Amino acid sequence: MSTTTATFPLNAWYAAAWDHEVKRALLPRTIANRQIVLYRTTAGEPVALENACWHRLLPLSLGRLVGDEVECGYHGLVFNGQGRCTHMPSQETVNPSACVPSYPVVERHRFVWIWPGDPALADPALVPDLHWNHDPEWAGDGKLIEVACDYRLVIDNLMDLTHETFVHGTSIGNRAVAEAPFVATHGDRTATITRWMSGIEAPPFWASQIRQAHGYTGPVDRWQIIRFEAPCTVAIDVGVAKAGTGAIPSEGHASDRSQGVNGFVLNTITPSTDKTCLYFWAFCRNYLLGEQKLTTELREGVTRVFGEDEVILEAQQRAIDAHPGYRFSNLNIDAGSMWARRLIDRQIAAEERPGAPVIPIRSA
């Protein structure tokens, strides 16, 4: 593998945790090769500090919270939410250089986001749009998966859903996905893959959903609209509707999904190290909103589906490690992942950082 460029930008918002994970306790996380400790102040505000005491580098997560500050578990130095040491045992004067890095954090869309790069560039407006995760017009839930692979392999997986046919054939996949044409578009920070499937047999998962919501068991029109936002977020608009009822847009007619079921698969993947990542996901729906039992069933069902992906991705990473210097080749179906990689590379290049391992790709 070459070492010509870094694998991820630093000037970006990364999901550090689900909001419910950050409590009045010290939560250690590795994000962008940085050891971080997260906690909430007594006012409920999230804080992110480097997880290493200025004195002897003991992880601060092994200490304890004292009010809104962290007391090191080794020698009792105390650090506030800005990373400044406020107390040193056995001396009256606090060394003014005693501090640890503090990172900008934002709480939005049920996640706590962290900016590991230049704090002056941490614009909250750049947090990826995952509003479905808290919108009252949608219901859903999700989880965190810690995957032993380069985070870009997860993005590759999400940008090409033809793998559903072969990896998830008993749930969300069928032959129609692999055979359907698609359209790829891109912007400065986004890439989109749009796929429509007309008059097909619904795969088991979607057949169950439209039957529960509408009592329908016939052929369906299906859609998958995958939107990538650099460097690491993928929101996928998915669903099925009764065939021929207007879900597939035509010239002069917008999409009418009123006789169908619509979901959004929300994914944001945080590089932990160059070969491990934190995969935050949720599945949200706009039907049967009051049925908590269905929310739980869907969350656990998607957990099983993504467990199948996890096996594939970790095996792929092991194969990459076993074949140093190997270059990926691309098929037509890789258009989305290729654009995602290019957008990530542009963000990295803009930071002009020194080298780190990458997975090279050659054009088809």
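In which helix does Thr295 lie? Thr295 lies in helix α5, residues 292–322, where helices (H or I, at least four residues) and strands (E, at least two) are DSSP runs numbered from the N terminus. The model is predicted, so local features need pLDDT of at least 70 and side-chain atom pairs count only at pLDDT 80 or more, while totals for chains, interfaces and linings use all residues. Residues are numbered from 1 along each chain as its sequence is written, and side-chain values use heavy atoms, with hydrogens and water left out.

Thr295 counts as buried because its relative accessibility is 7%, buried being under 20% relative accessible area, exposed over 50% and partly exposed in between, with a 1.4 Å probe and protein chains only. Its side chain joins that of Arg285 in a polar contact of 2.9 Å; such a contact is a pair of N or O atoms within 3.5 Å, of which, within protein, one must be able to donate a hydrogen and the other to accept it, and residues adjacent in sequence count only if both atoms are side-chain atoms. Not counting residues up to four places away in sequence, Thr295 touches Ala139, Gly140, Asp141 and Arg285, contact meaning heavy atoms within 4.5 Å.

The largest nonpolar core has 84 residues, a core being a set of buried Ala, Val, Leu, Ile, Met, Phe, Trp, Tyr and Cys residues joined through side-chain atoms within 4.5 Å. Strand β17, residues 276–285, gives the largest share of this core, eight residues. Tyr279 is one of the residues with the most contacts inside the core, and, leaving aside neighbours within four places in sequence, Tyr279 is in contact with residues including Leu144, Val154, Ile269 and Phe306. Apart from this core lies another, of 16 residues, among them Leu26, Cys53, Val70 and Phe79.

Turning to the strands, an open sheet of four has the order β5-β6-β7-β8 with antiparallel pairing, two strands being paired if DSSP finds at least two bridges between them. β5 (64–66) and β8 (85–87) stand at the edges, each with a single partner strand, so one side of each is left without a neighbour in the sheet. Three antiparallel bridges pair β5 with β6, residues 69–71, and Val66 has Glu69 in β6 as its bridge partner.

As for the cysteines, the whole structure holds zero disulfides, a disulfide being a pair of cysteine sulfur atoms within 2.5 Å. For Cys72, the nearest cysteine sulfur, that of Cys53, is 3.7 Å away, and Cys72 is buried, with a relative accessible area of 4%.
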